[in-house]
Amino acid sequence: MRLSWQRAWIVARREYLTTVKRKAFLLTLVAMPLYFGGIMVYATRSADSSRVETMRSFTRLAVVDSSGLLADAPRSISTRVAVDPTGAPGREETFRTEIDFLPDQTSLETALREGRARRGLIVPADYLTSGRLRRYSRTQSLLGSGGGTRAVERWLAQGLLAGRLDSLRAARAAHPSVQLDDYALGRDGRFELRDERRDAVEFMVPFLFSILLGTCIITGGQYLLQGLSEEKESRILESLLCTLSADDLLAGKLLGLGAAGLTLVAVWLGAGLALGGPMLALANVQLPPGLLVVALAYFLLGYLFYASLMTAIGAVTNNMREAQQFAMMFTFANFLPFIVMTSIL
């Protein structure tokens, strides 16, 4: 029996309508963007909050200077931290850290134990030649010493240069690029001033779009795997093959479930443009028109490739449980480029 596009269209229409009417599909359509959006917002705000809380608690630094190089160092550290992830002007907070010079290590450890200082720094006598320092913290952290390292490094630079240079030169040596205008050659052959926020957005938009397409490819492939497994277990597949060919059935399923995946992409993309369009316009982000063409080609080819794998798994397994076990390996491989993204870039 040869491939009949009329029968394949009937199968595709049935698969599409059955899929989009499922509660799981509607839940995926609504809940998936909220889920990932909530995770991103929480992660961003959590990182900003952690940075602010770290500097807010870093009110006192105990120092034991055995080298004598920091005798003229400032007695406090002022650190400005952005409290708005968008980098809006005026959304910065200044934190002040007092410096307590102590005579020896025993006094430093006592101050840390009693809570009179949160961190301590010991400068050995051979610091100028060895560059070795010892840092002490009141609490342990799996992610390191808990922040404030850059502020302490700037203070050390100012202390080493104090009395040898004027205060302005010492401050500039400690922080030489406080205002750096970075220019790069643009597509039109002219050098343009780079905007870190715009660069970040221009990177994140294709990155998130790739995750979106990958999720839709997996969703469509899982629907195909589930449908084949259910039809094999219920013996419906044998009845279907009596009235249409395997090519008709496979083509119809691929078209119908691919259209369901494109529906997810279209709805999520439309919602993303509606919500993120003003932000992209303010950031002066220009997305090339060819990006949508490449994204569509990636979805179609990726979906056909992944769907063929799911079809093969559904054909060689006996039930849904076995099929899910084999499908997990290919699902992981679909996101492998994101794991090795640094090497790819």
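Residues are numbered from 1 along each chain as its sequence is written. In this predicted model, local features need pLDDT of at least 70 and side-chain atom pairs count only at pLDDT 80 or more, whereas totals for chains, interfaces and linings use all residues; side-chain values use heavy atoms, with hydrogens and water left out.

The chain contains 13 helices and seven strands, taken as DSSP runs numbered from the N terminus (helices: H or I, at least four residues; strands: E, at least two). Of its 345 residues, 32% are buried, that is, under 20% relative accessible area with a 1.4 Å probe, protein chains only.

Strand β4 (residues 119–123) is largely enclosed by the rest of the structure, because five of its five residues are buried. Arg 119, Leu 121 and Val 123 point one way from β4, while Gly 120 and Ile 122 point the other way. In a regular strand the side chains alternate between the two faces of the sheet. β4 pairs with strand β1 (residues 60–65) in the parallel sense over five bridges and with strand β5 (residues 134–137) in the antiparallel sense over four bridges; pairing requires at least two DSSP bridges between two strands. Leu 121 is the bridge partner of Val 63 and stands opposite Arg 135 in β5.

Helix α5 (residues 149–161) has 13 residues and reaches 19 Å from its first C-alpha to its last, close to the expected 18 Å (1.5 Å times one less than its number of residues). Ala 151, Val 152, Trp 155, Leu 156 and Gly 159 are buried in α5. Seen down the helix axis, these buried residues fall within an arc of 140°, so they line one face of α5; the arc is that of the directions from the axis to the C-beta atoms. Just after α5, Gly 163 takes a positive phi of about 85°.

Conventions:
Buried < 20%, exposed > 50% of the residue type's maximum accessible area, 1.4 Å probe, protein only.
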